[in-house]
Amino acid sequence: MRDTFVKTLIEEAKKNRDIELITGDLGFGVLKPYFEQLPDQFTNAGIAEQNMTGVAAGMALCGKTVFTYSIGNFPTLRCLEQIRNDCAYPKANVKIVCVGGGFVYGSLGMSHQATEDIAIMRSLPQVAVVCPGDLVEAAEATKSIINVPGTVYMRLGRGGEKRIHNKIDNFEIGKAIKIKSANSDKKKIALFSTGAILDEATESAEILENNGVSVEEYSFHTVKPIDKEVILSCADRFDTIVTVEEHNVIGGFGSAVSEVVTDYGKAVRVIKIGLNDVYCSKVGDQKYLRNEYGLSTQKIAKTVLEKCL
């Protein structure tokens, strides 16, 4: 995803000289094509994320569209006060990009694992939260958030994510994408996911189909503003909605879906699959940690089957 993001941003920045990219002294192997082609639209703020965010806010309030870029929690939790006060409150046109949401940097421990970021960023007024599911969604999201007024948080994977879409027609921030429809002759559920866990969710849907559960699947590349229309439609047509996120189940994507269901008084069960309010205390690569914490393809399917059959 990160290579797709950089490639797309280069294309857009060449067309729009007001686009700026600021990094917190990392990602140079990935960002090299950008700063070689657009040196006057690039800044290295050093290992100083609070300063990076303050500089971005200042540039944005002078008319620029500014992307800040770092890994894991560094562009969000480390500089949360600056995001809140300097970016979100004045509706500064700052696009905060996290590379490595969830367990991507699992081998570096919990300090590098972004597992509370969706909850925290979506709680900030006037901040949109975008979590693409594959590289096609990442490219479309990068282009789209440039035109979203104010502050946006975009959470990416790292690289090597499976491509789910061949192409996306009419991509729109705030509108979920249907992956597959449910078969009417089986027990049916709606399966929602956000972010790069999309591949595990999609593969788990195949297992469920083979075990007598028909799945209508959606990718929610936008958590805020969330697609209420799809949620309410599914709440009217299904007894169960399952949400999957590589994130704490408290305050994140599943909570956002539950809020919509509750606000509109829908009688539907919401099963939230994610980290069960714990910090990851294990070390390993992303695949290993997903399996350890119930987020692998097999374990997502197992959880759904245990709770739905």
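1. In the strand β4, residue V99 is the bridge partner of I71. The strand β3 (residues 65-71) runs parallel to β4, and 6 bridges join the two. Strands here are DSSP runs of E with at least two residues, helices are runs of H or I with at least four, and both are numbered from the N terminus; two strands pair if DSSP finds at least two bridges between them.

2. This is a predicted model, in which local features need pLDDT of at least 70 and side-chain atom pairs count only at pLDDT 80 or more, while totals for chains, interfaces and linings use all residues. Residues are numbered from 1 along each chain as its sequence is written, and side-chain values use heavy atoms, with hydrogens and water left out.

3. The strands β3 and β4 belong to an open sheet of 7 strands with mixed pairing, in the order β2-β1-β3-β4-β6-β5-β10. Because β2 (42-44) and β10 (222-224) each have a single partner strand, one side of each is left without a neighbour in the sheet. Neighbouring strands are turned against each other by 20° on average, direction ignored. Helix α6 (residues 135-145) packs on this sheet, where it touches β3, β4, β5 and β6 (151-156), and its direction makes about 170° with that of β6; contact means heavy atoms within 4.5 Å, and axes are lines fitted to C-alpha atoms, for helices over the stretch in contact, with angles from 0 to 180 degrees between N-to-C directions.

4. Another open sheet has 5 strands in the order β7-β9-β8-β11-β12, again with mixed pairing. Its edge strands, β7 (177-180) and β12 (269-275), each pair on one side only, and the twist from one strand to the next averages 25°. Within this sheet, β8 and β11 (residues 240-248) pair in the parallel sense over 4 bridges, and A190 has I241 as its bridge partner in β11. Helix α7 (residues 198-209) packs on the sheet against β7, β8 and β9 (213-219), with its direction at about 165° to that of β9, and helix α11 (residues 297-308) also packs there, touching β8, β9, β11 and β12.

5. Which helix is largely enclosed by the rest of the structure? It is α9, because 8 of its 11 residues are buried, where buried means under 20% relative accessible area, exposed over 50% and partly exposed in between, with a 1.4 Å probe and protein chains only. Among the buried residues of α9 are F253, V257 and V261, and the cover over its buried residues includes α5, β8, β10, α8, β11 and β12. Just after α9, G265 takes a positive phi of about 65°.

6. F192 touches residues including Y218, I231, I241, F253 and V257, not counting residues up to four places away in sequence. As a general point, nonpolar side chains tend to be buried together in soluble globular proteins.
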